[in-house]
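This report describes one protein for a reader who has not seen it before. It starts with a term, moves to single residues, and ends with the whole chain.

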Amino acid sequence: MDTIVSHTHIWTTLQNHQKYLASVHLRDLFALDSQRFENFSLEACGLLLDYSKNHLTTNTLSLLQELAIKTKLKNWIHQEFSGETINNTEQRAALHTALRNRSNQAILVDGKDVMPAINAVLEKIRPFVDSVHSGNWQGYTGKKIESIVNIGIGGSDLGPSMVARALKAYHHPRLKSYFVSNVDAIHLGEILQDLDPETTLFIIASKTFTTQETLLNANSARKWLVEKLGDDKAVAKHFVAVSTATKKVIQFGIDPSHMFEFWDWVGGRYSLWSAIGLPIAVMVGMDNFEKLLEGAHEMDQHFKTAPLLENMPVLMGLIDVWYNNFFGSTTQVVLPYDYSLSLFPAHLQQLVMESLGKRVTREGQQIDYSTCPIIWGAPGNNGQHAFYQLLHQGTRLIPADFLIAIESQYDFPGHQDAVLSNALAQSHALMMGRNTEETRKALTDAGLDIQLLEQQLPHRVFKGNQPSNTLVYQKLTPEILGKLIALYEHKVFVQSVCWGINPFDQWGVELGKQVASDLLPTLQNTQTSVTTKVHDASTEGLLRYIKNKRNYLPS
């Protein structure tokens, strides 16, 4: 087995280096280097990354590069793009990059080129999208489709819903999109009550067509549609599937020619580039969907070829490792100052925490260092009136990513200037803070009474020294969005390599599903006994309480 990274010389060197930098305020680093922005920023693929507001020097970067070399990052990048079996616990490749391989260069998995199959699915999606847009695809009663409802969960929901929201300015003018994922009947019920069954098209996204949550929602939607339209035959005109389970799709009532395939080397949280992105393509059109793929492909090429310290995903990944393992930061906040990206933090929660929430290495060795940060966030401006208090005056070190659009997708005079001024002000204030002397002067200038001033002084001081990255782009187009998503996917891969973990499995997700399957029959029957399988006393007690309350509910 390989030596765990925390037992290497470079790890110890980084620990010692952190002790020196921990005592240096970020404002002092700027005072020492008038060219700090130029020295610690990078432009690539239409994105500017300003990472100057971080606790690092050129020496830090050299040491982090040494860590990347020690963990053989370049070799792992090559394996990822080559279709090798890097998802070792599931014996699969991880080839989401192939889905957006616009060069069409052959990529082999088990000796077979996957590109013809990928292209075939894209060629199948285009006429379907065109038929919905043109109105040639008609519902059971001959009306055009006006509402698209995607039913999925996890990666079959979070990625597509995030992209569809981000590109709302590009939606077909006749169509409205909806995303159903939660099995709570409220989610489906609130959406269905606003829909006309004659003009609604459902997309069922489930690889095996057995996903419990997805199939429960799909069957309820099917029942609703049939009851409204009065005929099982209506299902074929109002449902399509993204799946590989042809037999189950047919049993549901979907025409197999309206089933769109994807493959087992497409992980859920990386699947929006595949047929799982069908609701995106329907809403924005196939040309714009392909521009999304092209943007991601451009970032792929940058990640694959750029030198380590001129490589945007590598830099971001190494900086995250730096804070997580050497500054003891346990969380990271994502702050899009672009309302189109309001669902981006939620997408990153799955991408990062499902990928990196691991406690053993690829070889199964127990890890003795922290891996995954807790990811959270909200659109800028909104967050300023909610949780920024914690960022400015709390006790935790919380690295932040600011995402800033120079131009909005909508042009209302004065709005974008307000957005930009707030974004730049917040990153500045988090870094600089305001010390005691500066605060005393500000309060004196404001005319505060000396006694009140001294009383309020400690409450008005801001320590600053909070690190951040700032990502700037011209405008959120399909291409730029593709680049942003791919940037974060590759950043996560960099972190996984440094930590020696497999970012492509998610066994922790499976345990809860298994227990839920055990409990479901107990909740569905009317037996007095709680369950045939022994659970903990708390779960048994809760089941008894719920069943008793159900038994006494008036009919």
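A residue counts as buried when its relative accessible area is under 20%, as exposed when that area is over 50%, and as partly exposed in between. Q384 has a relative accessibility of 18%, so it counts as buried. The model discussed here is a predicted one.

**Q384**

Q384 sits in the loop that runs between β11 (374–377) and α17 (388–393). Its side chain is joined to the side chain of N422 by a polar contact of 2.9 Å. When residues up to four places away in sequence are not counted, Q384 touches Y337, N422 and Q426.

**D505**

Another loop residue is D505, placed between α21 (478–499) and α22 (507–524). Is D505 buried or exposed? Its relative accessible area is 5%, so D505 is buried. Two polar contacts of its side chain can be named. One, of 2.7 Å, is with the side chain of K358, and another, of 3.2 Å, is with the side chain of W507. Apart from residues up to four places away in sequence, D505 touches N87, T89, E90, R269, E354 and K358.

**L63**

L63 belongs to a helix, α4, which covers residues 58–70. With a relative accessible area of 10%, L63 is buried. Which residues does L63 contact, leaving aside its neighbours within four places in sequence? They are I10, T13, L14 and H17. L63 can also be compared in position with W11: 52 residues separate L63 and W11 in sequence, while their C-alpha atoms are 9.0 Å apart in space.

**Positive phi angles**

C45 is not a glycine, yet its phi is positive, near 55°. This residue is in the loop between β1 (41–44) and β2 (47–50). The relative accessibility of C45 is 12%, and C45 therefore counts as buried.

N104, also a residue other than glycine, has a positive phi of about 65°. It is found in the loop between α6 (96–99) and β3 (108–109). N104 has a relative accessibility of 41% and so counts as partly exposed.

The accessibility values of the residues described above are set out here.

| Residue | Relative accessibility | Class |
|---|---|---|
| D505 | 5% | buried |
| L63 | 10% | buried |
| C45 | 12% | buried |
| Q384 | 18% | buried |
| N104 | 41% | partly exposed |

**The protein as a whole**

The protein contains 23 helices and 13 strands. Its radius of gyration is 26 Å, close to the 24 Å that the globule rule gives for 555 residues, so the protein is as compact as a globular protein of that length. Along the principal axes, its C-alpha atoms fill a box of roughly 75 × 60 × 60 Å.

Of the 555 residues in the protein, 54% are buried. Among contacts in the protein with a separation of 6 or more, 74% are between residues 24 or more positions apart.

The accessible surface of the protein is about 24800 Å², and carbon and sulfur atoms account for 52% of this surface. How many positive and negative side chains does the protein have? There are 48 positive and 55 negative side chains, and 5 Å separates the centres of the two sets.

Terms used: Residues are numbered from 1 along each chain as its sequence is written. This is a predicted model: local features need pLDDT of at least 70, side-chain atom pairs count only at pLDDT 80 or more; totals for chains, interfaces and linings use all residues. Side-chain values use heavy atoms; hydrogens and water are left out. Helices (H or I, at least four residues) and strands (E, at least two) are DSSP runs, numbered from the N terminus. The radius of gyration is taken over C-alpha atoms; the globule rule is 2.2 Å times the number of residues to the power 0.38. Buried means under 20% relative accessible area, exposed over 50%, partly exposed in between (1.4 Å probe, protein chains only). Contact means heavy atoms within 4.5 Å. Accessible areas come from the Shrake-Rupley method with a 1.4 Å probe; for residues, only the protein chains shown count as cover. Lys and Arg count as positive and Asp and Glu as negative; His and the chain ends are not counted. The place of a charge is taken as NZ of Lys, CZ of Arg, CG of Asp or CD of Glu. A polar contact is a pair of N or O atoms within 3.5 Å; within protein, one must be able to donate a hydrogen and the other to accept it, and residues adjacent in sequence count only if both atoms are side-chain atoms.
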